[in-house]
Amino acid sequence: MAEPIAQDLVTGTVDVDGTTVTYFTAGKQDSKLPPVVLIHGTAGSTENHFSFVFPTLARDQRVVSLDLTDIVGKPEITVADLERQVAGVVNHLVPAGPISVLGYSLGSVVAAAYAAHNPDRVQNLVLVAGWIKTDTQQLVRQDVQAALRGDMAAYKKLSLVLAFGVPFVAKRTLDDLLTIAPPPAGGMEFIGKLSDLNRIVDITDDMGKIKATTLIIGCTYDMMVPRHHSLALFGAIEDSRYTELSSGHAIVWERPSELALAVREFLANPNAYPAGSIIPEVQP
Amino acid sequence: MSQSQTHNVTDVEVLAIGAGFTGIGLGIKLTRQGFHDFVILEREGDVGGTWRDNTYPGVACDVPAHLYSFSFKLNPNWSKIQAPGGEIWDYLRDCVTDEGFWDNIRLNTDVTRARWNEDSKRWFVETTNGTWSAKFLVTACGHLSDTRTPEIDGLDTFPGDIFHTARWNHNIPLEGKRIALVGTGASAVQVFPELQAIAESVVLFQRSAPYFFIPSGKHQAFTDAQRRLFARYPQAMRDIRSEIFWYSEGNFPPRVQVPKLLEKARNASLKYLQESIADPELRAKLTPNYEIGCKRILGPGRFYATILQDNVTLEASALTRVDGSSVYGANGDGYEVDVIVFATGFDATEPKFASIIFGVGGQTLADSWKDGMKATASISTPGFPNLFITNGPNTSLGHNSAVYIIESQIDYIIDTLNYVNTHHVERIETTPESEQEYVDSVAARAVGSVWLAGGCNNWYVDRRTQRLTVSWPDFAYQFRQENAKFNPTDYVLESVF
Ligand SMILES: Cc1cc2nc3c(=O)[nH]c(=O)nc-3n(C[C@H](O)[C@H](O)[C@H](O)COP(=O)(O)OP(=O)(O)OC[C@H]3O[C@@H](n4cnc5c(N)ncnc54)[C@H](O)[C@@H]3O)c2cc1C
């Protein structure tokens with residue numbers, strides 16, 4: 001059987017307004033760092049998006065993650081719905097004290113909203129390939145993806161070349177990419193609802209409320225949430241610093257180690273760079 | 001450098017022992033800073049270290065050369081992803097020539113003793129070629145430079161030729177010979193296909209089966225066009241470096257208790273074995289009986305394809321006895337051979353240089369390390385002031401480039417030299433507390449790792465104490481984060497005034 005994503009992993013569920021949400025937690029017990037909560041993106045899950053980041057961070061601190069879950073019978077899922085699932089897990093596992101929150105892709109929209117509404121809890125915030133407001137480029141890209149749903153092979157190919165960075169794709173075969181990208185998680189219905197949510201994201205009003213020490217991570221070759229969105233976050237969030245990593249949107253599969261170590265370094269010392277800094281990418 | 005009249009001792013600010021990647025990298029950095037008061041002593045007749053000594057057929061780096069080279073001295077001309085050893089040797093010689101510090105190197109100068117003198121606060125370094133005194137001493141002797149050959153019963157009765165991969169004798173032709181190849185480590189798997197191609201027969205003595213990375217399917221050789229692009233647009237080389245570096249870092253977590261990633265790595269390697277070897281009996285012999293990563297995971301090359309050749313026999317046990325020209329495995333089976341090739345590696349846990357370094361009160365480094373190597377920031381140890389140890393305790397990587405670690409240690413040394421110059425410090429000695437804190441922090445990270453718990457005998461763990469003393473149990477990146485800068489609070493500093 002499949003092995004757990006981290007040593008001594010604890011799995012459980014909480015009930016959020018009638019929906020059962022699964023969580024995972026593990027990590028160093030006596031750490032001085034606040035626990036970090038991971039929020040995955042569209043078509044992802046804890047395992048699907050964080051099988052590298054989770055165990056890496058767990059070496060230094062407690063890590064909490066959840067699988068965002070469909071709300072059966074509710075045709076439209078909102079950012080607030082997902083935020084409530086995060087709150088349900090956080091309140092159950094870490095009822096008090098400071099926490100760090102990391103969101104990836106759509107998860108970073110949820111993370112930013114959660115941080116805006118819980119400024120007393122969220123001490124540090126990491127937004128990976130996130131955005132504030134959906135724009136034309138994203139809408140048109142989604143239109144084309146949706147139009148291809150009838151042709152699964154073509155849809156898959158388009159998704160892969162959109163997800164991975166151009167230089168990464170150039171050096172691999174289609175088969176390579178298929179082995180690197182795990183199959184989508186969450187079920188078709190839920191993915192459909194999240195895709196709809198992706199089209200109407202607008203958390204502009206939350207930006208001013210975010211008080212956390214924030215790291216914005218943009219991906220140089222991102223075609224799904226291009227880097228100008230991360231730069232917009234960098235401008236909008238007061239106490240933020242920005243770094244850009246040489247990856248496509250699928251950084252959790254394409255450059256997981258670089259991502260995990262950038263996050264590890266930030267969480268170990270969030271104020272190492274003052275607000276407004278551009279943190280240069282490491283040149284090994 | 002100045003010659004003091006009375007003792008015929010040459011004074012120098014910084015003295016490094018060894019002219020491999022470490023000594024040469026340090027030489028480049030010092031020279032570029034405009035600091036010329038240093039000397040590098042090298043026992044052999046040329047620079048190059050590992051890459052001068054290892055000239056066996058098929059020798060190459062297994063970390064791609066664009067990463068396995070200095071970040072401050074990129075080379076657009078590597079012929080292959082895994083460059084042949086000779087190219088790396090040339091690269092290192094070119095480094096010295098380009099940067100112009102041949103005059104700071106003394107070849108054929110074997111250091112026999114280095115003694116700390118408290119009165120003058122200097123190291124006195126005796127060699128086969130003169131005596132030096134230095135304010136700072138750097139051991140850049142390598143951790144894979146003193147060869148290890150197992151004690152084999154009756155080896156002295158063997159009438160044929162005996163080779164170690166790191167001391168190849170190119171004067172003895174091997175065409176048509178019957179060869180015993182001992183070992184299945186990194187060197188063995190490189191030399192094996194080369195020997196098979198020319199020998200009458202090869203019997204491979206395998207004490208334990210290796211795991212392999214799955215082949216990348218990438219074309220090995222760079223084209224002229226690619227090389228010209230690298231020269232014209234160096235960022236292309238930096239992009240490759242980053243790509244390989246982060247890919248390699250991705251191979252670290254399986255070594256430290258990440259069940260899912262460990263399973264994934266193991267399954268990939270075993271699938272490659274399955275696809276390569278159809279015969280179940282042979283496959284069983286080639287299936288490792290320990291956890292992946294406990295020993296070095298090897299580059300795939302042509303190992304399995306070579307095993308399948310008609311003139312090859314796999315002896316799945318250690319070579320234990322020699323009787324004349326008969327060599328016997330632990331299983332009792334004997335083979336007639338003309339040549340024995342030892343690909344049995346090096347002494348890394350108890351480095352030889354440790355017994356020639358005498359610190360405060362005349363104790364040797366080997367004494368101080370009788371329970372295993374240890375050092376603050378992997379570089380300095382109490383009782384040995386003004387000494388930098390490179391490639392020593394907890395510096396080895398199973399998953400990424402050694403040169404990355406070497407550069408971090410060079411940065412540490414340069415940073416220290418700059419600090420002591422600006423602050424007029426004459427003597428630095430790390431405290432036992434700082435060393436213990438570092439040792440504990442490393443040990444905590446090693447708990448449950450594949451090196452300690454993977455069920456194999458490896459050269460990363462000190463056999464005397466079962467402590468992980470050779471490997472660095474974290475990401476390479478983290479080594480540089482922690483250990484590339486001088487931290488004065490780890491030291492007692494004595495100023496000139
Ligand atoms: C076959 C082989 C392949 C390898 N491939 C890789 C790879 O792909 N990737 C990787 O990361 N690492 C690899 N390594 C590890 C390699 O050893 C290091 O990467 C690196 O070369 C070490 O450099 P160094 O300068 O510290 O030591 P060395 O290269 O060993 O140089 C030490 C020098 O010190 C000299 N010396 C020692 N004692 C004395 C003395 N008492 N007096 C004077 N001089 C002395 C020696 O003669 C030698 O020249 C490989 C090693 C081997 C053997």
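## The one disulfide

Searching the whole structure turns up one disulfide over all chains, where a disulfide is a pair of cysteine sulfur atoms within 2.5 Å. The partners are B:Cys294 and B:Cys456, with sulfur atoms 1.9 Å apart. The link is left-handed, at -90° about the S-S bond. It ties together distant parts of the chain, 162 residues apart: B:Cys294 is in the loop between α8 (280–285) and α9 (303–307) of chain B, and B:Cys456 is in the loop between α13 (450–453) and β19 (461–462) of chain B. Helices (H or I, at least four residues) and strands (E, at least two) are DSSP runs, numbered from the N terminus.

Both ends are tucked away. B:Cys294 is buried at a relative accessible area of 0%, and B:Cys456 also counts as buried, at 17%. Here buried means under 20% relative accessible area, exposed over 50%, and partly exposed in between (1.4 Å probe, protein chains only).

## What you're looking at

This is a predicted model, so local features need pLDDT of at least 70 and side-chain atom pairs count only at pLDDT 80 or more, while totals for chains, interfaces and linings use all residues. Side-chain values use heavy atoms, with hydrogens and water left out, residues are numbered from 1 along each chain as its sequence is written, and chains are lettered from A and ligands numbered from 1 in the order in which they are written.

B:Cys61 is in no disulfide, and its nearest cysteine sulfur, that of B:Cys95, is 14 Å away. B:Cys61 is buried, at 3% relative accessible area. B:Cys95 is likewise in no disulfide, with the sulfur of B:Cys61 as its nearest, 14 Å away. At 1% relative accessibility, B:Cys95 counts as buried too.

## Around the ligand

There are 35 residues around the ligand, and those that come nearest are B:Glu42, B:Asp62, B:Tyr68, B:Asn391 and B:Ala402. A residue makes this shell if one of its heavy atoms lies within 4 Å of the ligand. By class, the shell has 16 nonpolar, 13 polar and six charged residues. For that count, Ala, Val, Leu, Ile, Met, Phe, Trp, Tyr, Cys and Pro are nonpolar, Asp, Glu, Lys and Arg are charged, and the others, Gly among them, are polar. In chain B, α1 (21–32), α2 (50–53) and α11 (402–422) each supply at least two shell residues, and the largest share, three residues, comes from α2(B).

Now for the polar contacts (pairs of N or O atoms within 3.5 Å). Oxygen atoms of the ligand lie 2.7 Å from a polar side-chain atom of B:Thr22, 2.8 Å from a polar backbone atom of B:Thr50 and 2.9 Å from a polar side-chain atom of B:Arg52. Taken alone the ligand exposes 980 Å², and the protein buries 95% of that; these areas come from the Shrake-Rupley method with a 1.4 Å probe.

## Positive phi spots

B:Asn391, one of the residues that come nearest the ligand, has a phi near 50°, a positive value in a residue other than glycine. B:Asn391 sits in the loop between β17 (387–389) and α11 of chain B and counts as buried at 10% relative accessibility. B:Asn394 also has a positive phi near 50°. B:Asn394 lies in the loop between β17 and α11 of chain B and is buried at 6%.

Technical notes. Polar contact = N/O pair within 3.5 Å; in protein donor to acceptor, adjacent residues only side chain to side chain.
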